[in-house]
Amino acid sequence: MSERHPIIAITGSSGAGTTSVTRTFSNIFRREGVHAAIVEGDSFHRFDRLTMKQKAAEAEAAGNKNFSHFGVENNLFSELESLFSNYAKSGTGRTRKYLHDATEAAPYQQQPGTFTQWEDVPANTDLLFYEGLHGAVVTPEVNIAQHPDLLVGVVPVINLEWIQKIQRDKSQRGYSTEAVTDTILRRMPDYVNFICPQFMHTHVNFQRVPMVDTSNPFISRDIPSADESMVVIRFAKPKGIDFQYLLNMIHDSFMSRANTIVVPGGKMEIAMQLIFTPFVWRMMERRKRALAL
């Protein structure tokens, strides 16, 4: 953790909804004039898209049916921890971009599914912002979770997470339900060992809970809407959180535990704005004081 060079990390599984949290933070940064270095977790996968397919086929042929993007062997955990550590110390570090599609790849004159060259993060940024799968990973070799000043977990109930992934991969990537189901099953051991444990290290967790039947996510035709959901927001350390203010500002919200507030799904973004704007204010104020010393 660092007062001079703070880090915010958003962590969650594929299809969990981390992108919507990132959008909220982008709005806060723009409104508050915060210059953030943005890092995508996909940039720290070990293999590009083509190589990953080849490695997966080789692993399956060798009897390994659980080869996935979630696991340690397919990610550069040490490099990610080095980025966090170096940024916290000096506001510097090395990263790259993963080019998801043709639009992202065009400016670099590369193929989709490839990485750009490693480069330094922009100079003189106010903070580092990470969004991806592994922002709070702890293994015997690395402890990424120790570095962020604010760690946010995004973890819908599992059936909703699967529905979101199935619908996204079918509509945006052209996969069949069977192909996405195979991916979910292949990832399950790494999901249990590397994704779930992160949420005991996060400072705030957002869990969307549908109020409609999601008992069989593999036949669901639609993703439950925000208005068909509630969001459970759990604070690891509730000291300093003004729950009464949040209850007054967010209609139909309530406390389910001493450290947990539940809000309507449609109010998730306003809840994030109310919760995280003061966090960012405090980070920037501490940074200003530290730099003045």
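## Close-up views of a predicted model

**View 1. Helix 3 and the residue that follows it.** Just after helix 3, Gly 91 takes a positive phi of about 75 degrees. This is a predicted model: local features need pLDDT of at least 70, side-chain atom pairs count only at pLDDT 80 or more, and totals for chains, interfaces and linings use all residues. Residues are numbered from 1 along each chain as its sequence is written, and side-chain values use heavy atoms, with hydrogens and water left out. Helices (H or I, at least four residues) and strands (E, at least two) are DSSP runs, numbered from the N terminus. Helix 3 covers residues 77–90, 14 residues in all. From first C-alpha to last, helix 3 reaches 20 Å, close to the 20 Å expected at 1.5 Å a residue. The expected span is 1.5 Å times one less than the number of residues. Phe 77, Leu 80, Glu 81, Leu 83, Phe 84, Ser 85, Tyr 87 and Ala 88 are the buried residues of helix 3. Buried means under 20% relative accessible area, exposed over 50%, and partly exposed in between (1.4 Å probe, protein chains only). An α-helix has 3.6 residues a turn, so residues three or four places apart point the same way. The cover over the buried residues of helix 3 includes strand 1 (7–11), strand 2 (36–40), strand 3 (94–95), strand 7 (127–132) and helix 6. Contact here means heavy atoms within 4.5 Å.

View 2. A search of the whole structure finds two cavities of 30 Å³ or more. The grid has 1 Å spacing and covers the protein atoms alone; a cavity is a set of points where a 1.4 Å probe fits but cannot get out, and a pocket is an open set with protein on both sides within 12 Å along at least five of seven lines. Lining residues have an atom within 4 Å of a point. Points are joined across faces, edges and corners, and a volume is the space filled by probe spheres set on the points. The largest cavity has a volume of about 80 Å³. Its lining consists of Ser 13, Ser 14, Phe 70, Glu 161, Trp 162, Lys 165, Ile 184, Arg 187, Met 188 and Tyr 191. Helix 6 gives the largest share, four residues. By class, the lining has five nonpolar, two polar and three charged residues. Ala, Val, Leu, Ile, Met, Phe, Trp, Tyr, Cys and Pro count as nonpolar, Asp, Glu, Lys and Arg as charged, and the others, Gly among them, as polar.

**View 3. The second largest cavity.** This cavity has a volume of about 50 Å³. Gly 41, Phe 44, Asn 75, Leu 76, Phe 77, Leu 80, Tyr 130 and His 134 line it. Five of the lining residues are nonpolar, three are polar and none is charged. Phe 77 and Leu 80 are also among the buried residues of helix 3.

**View 4. The second largest pocket.** The volume of this pocket is about 420 Å³. Its lining has 19 residues; Asp 149, Leu 150, His 203, Lys 237 and Phe 279 lie nearest its centre. Helix 8 (residues 268–292) contributes the most, with four residues. The classes are eight nonpolar, five polar and six charged.

**View 5. Strand 9 and its partners.** Strand 9 (residues 204–210) is mostly covered, with five of its seven residues buried. Two strands pair if DSSP finds at least two bridges between them. Strand 8 (residues 150–154) pairs with strand 9 in the parallel sense, over three bridges. In that pairing, Asn 205 of strand 9 is the bridge partner of Gly 153. Strand 10 (residues 229–235) pairs with strand 9 in the antiparallel sense, over seven bridges. There, Val 204 stands opposite Phe 235.

**View 6. The hairpin of strands 11 and 12.** Strand 11 (residues 254–257) and strand 12 (residues 260–264) run antiparallel, joined by three bridges. Two residues lie between the strands of this hairpin. Arg 257 stands opposite Thr 260 in strand 12.

View 7. Glu 131 is found in strand 7. Glu 131 is buried, with a relative accessible area of 18%. Beyond its neighbours within four places in sequence, Glu 131 is in contact with Ile 10, Thr 18, Thr 19, Thr 22, Val 39, Glu 40 and Gly 41. Lys 65 sits in the loop between helix 2 (49–61) and helix 3. Lys 65 counts as exposed, at 54% relative accessibility. Not counting residues up to four places away in sequence, Lys 65 touches Glu 60 and Arg 186.
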